[in-house]
Amino acid sequence: MFLTKRFYIAGIAVIALVVSGYLIPVLFTAGKIAMLLLALVAAVDYIRLWSEKKGADAERYCAPRFSNGDDNEVRLVIESRYPFPVNIDIIDEIPVEFQRRDILFCVKMKAGGREVVHYKLRPVKRGEYNFGVVLLYVTTRTGLISRRIKCAEPVDVAVYPSYIMLHRYEIMAIHNNLTELGIKKIRRIGHDTEFESIKEYIKGDDYRTVNWKASARRHYPMVNIYQDERSQQVYNIIDKGRMMQHAFRGMTLLDYAINASLVLSFVAIRREDKAGLATFAEKFETFIPAGKQTGQMQQLLESLYRQQTTFGESDYSSLYVHLNKFINKRSLLIIYTNFDTIIGMERQIEYLRRLARRHVILVVFFEDTEMKAFAAKQPASIEGYYRQVITDKFIFEKQHVTVKLKQHGIYSLLTEPDKLSVNIINKYLEMKARGVI
């Protein structure tokens with residue numbers, strides 16, 4: 001049993017009447033009557049609230065696993081078993097990782113009523129999350145006493161890489177609407193690719209692709225359309241070193257890389273390519289051979305779920321040795337890392353150059369959006385100018401890394417973390433269209 005705010009306000013008013021009775025005797029009598037009425041109403045409230053063994057109940061409905069970086073819906077179904085209207089304050093004991101104190105809902109219930117409450121949670125870290133119970137604080141319309149009822153059982157929810165984003169791409173791909181997500185339509189015409197379809201000739205088409213039989217039947221020039229060669233191997237290689245612990249909007253760069261690699265693997269498999277995975281930090285760790293068989297995406301998802309960053313320096317020599325050992329066929333290797341300076345890149349460039357002799361290498365690293373925003377502001381002091389010069393130097397070094405990699409025949413992608421998924425897919429499609437892989 002809990003005394004409500006309304007009870008304490010009424011109690012203070014009664015005490016004020018009693019104290020005033022020392023100055024005006026009639027108020028003392030009024031205060032005693034008010035005190036008896038308050039006690040009587042509170043007693044009636046107590047009897048009514050406890051007249052039912054369990055006057056209200058609640059159930060929590062949510063997915064057995066949450067999608068990292070996305071809004072996940074939670075639904076609370078509240079039922080009242082009281083034969084009279086009540087007010088219910090609902091507190092859901094959400095996992096401590098969310099650090100939210102606003103999961104409090106107030107509903108007015110009719111006699112035997114039922115209400116549904118919806119809210120969303122956005123996790124920014126993978127792992128096990130623990131929900132507690134749902135607490136209901138029930139009051140009558142008088143509202144002097146509150147009864148607490150514990151409902152729903154504690155439950156554990158696993159937070160996986162962004163499968164909601166994956167489903168969104170899948171639905172868009174089925175309806176051929178990937179352009180709505182920012183994915184560009186890129187097609188290359190050529191004789192070294194596989195035949196796809198026939199279309200009418202338009203200005204600019206290669207006259208060597210004219211299909212003379214189809215043109216004779218239609219009485220209009222028709223040309224063959226070719227698509228890129230299939231069954232190429234695409235490996236997402238994720239650096240889990242300390243540089244990937246940097247955070248952007250609550251999520252680490254590692255989690256952005258994991259979400260992007262999951263979506264890219266789906267797109268690659270849908271385009272009949274084979275998707276694989278490798279991770280490394282101080283040593284080479286995970287390796288999943290490239291494939292497109294049933295269950296490949298689930299295997300990638302389960303593996304990505306367990307990945308964590310470390311505090312050590314990433315060992316590119318170990319990466320080079322193991323990739324040479326495990327990958328025999330020429331493949332596209334997409335390395336997600338974060339080079340902050342030219343010096344950091346130059347320490348690893350020799351291993352990247354050796355890999356580039358056998359494979360196509362695409363190095364993905366991240367822009368510091370906060371640094372860019374700071375550099376765009378007008379300095380207000382000498383110290384501000386000094387800081388802006390230092391900021392511009394770091395921004396220039398990031399851009400200079402891409403130039404250095406290109407000089408060594410290594411492709412690169414410098415992107416904002418929240419645009420990584422779209423940008424990496426567009427880069428993959430562009431490289432396919434250009435015949436790089």
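Which side chains meet in a salt bridge at 2.7 Å, N to O? They are those of Glu-383 and Arg-387.

## About the model

This is a predicted model, in which local features need pLDDT of at least 70, side-chain atom pairs count only at pLDDT 80 or more, and totals for chains, interfaces and linings use all residues. Residues are numbered from 1 along each chain as its sequence is written, and side-chain values use heavy atoms, leaving out hydrogens and water.

## Salt bridges

The structure holds 19 salt bridges. A salt bridge here is a side-chain nitrogen of Lys or Arg within 4 Å of a carboxyl oxygen of Asp or Glu. Glu-383 and Arg-387 both belong to helix 11 (residues 382-407). They are four residues apart, so about one helical turn separates them. Helices (H or I, at least four residues) and strands (E, at least two) are DSSP runs, numbered from the N terminus. Glu-383 is partly exposed at 48% relative accessibility, and Arg-387 is partly exposed at 46%. Buried means under 20% relative accessible area, exposed over 50%, and partly exposed in between, with a 1.4 Å probe and protein chains only.

Glu-313 pairs with Arg-347, with the closest N and O atoms 3.5 Å apart. This pair links distant parts of the chain, 34 residues apart. Glu-313 sits in the loop between helix 6 and helix 7 (316-326). Arg-347 sits in the loop between helix 8 (342-346) and helix 9 (349-358). Glu-313 is partly exposed at 40%, as is Arg-347 at 48%.

Asp-57 bridges to Lys-54, again with closest N and O atoms 3.5 Å apart. Asp-57 is buried at 15% relative accessibility, whereas Lys-54 is partly exposed at 33%. Lys-54, Asp-57 and Arg-81 are linked in a network of salt bridges.

## Nonpolar cores

A nonpolar core is a set of buried Ala, Val, Leu, Ile, Met, Phe, Trp, Tyr and Cys residues joined through side-chain atoms within 4.5 Å. The largest has 47 residues. Leu-332, Ile-334, Tyr-336, Ile-424 and Tyr-428 touch the most other members. Helix 5 (residues 253-270) gives the largest share of this core, 13 residues. Another core, of 39 residues, lies apart from it and includes Val-74, Val-117, Tyr-129 and Leu-144.

Tyr-428 has contacts (heavy atoms within 4.5 Å) that include Val-234, Leu-264, Leu-332 and Ile-437, not counting residues up to four places away in sequence.

## Helices

Helix 6 (residues 296-305) is largely enclosed by the rest of the structure, because seven of its 10 residues are buried. Among them are Met-297, Leu-300 and Tyr-305.

The axes of helix 1 (residues 5-20) and helix 2 (residues 25-49) come within 7 Å and cross at roughly 155 degrees. Helix 1 is therefore roughly antiparallel to helix 2. Axes are lines fitted to C-alpha atoms, for helices over the stretch in contact, and angles run from 0 to 180 degrees between N-to-C directions. Angles over 145 degrees count as roughly antiparallel, under 35 as roughly parallel, 65 to 115 as roughly perpendicular and the rest as oblique. Residues that meet between the two helices include Phe-7 and Leu-17 in helix 1, and Phe-28 and Met-35 in helix 2.

## Positive phi

Most residues other than glycine have a negative phi. Gln-99 has a positive phi near 50 degrees. Gln-99 lies in the loop between strand 5 (86-92) and strand 6 (104-109), and is exposed at 56%.
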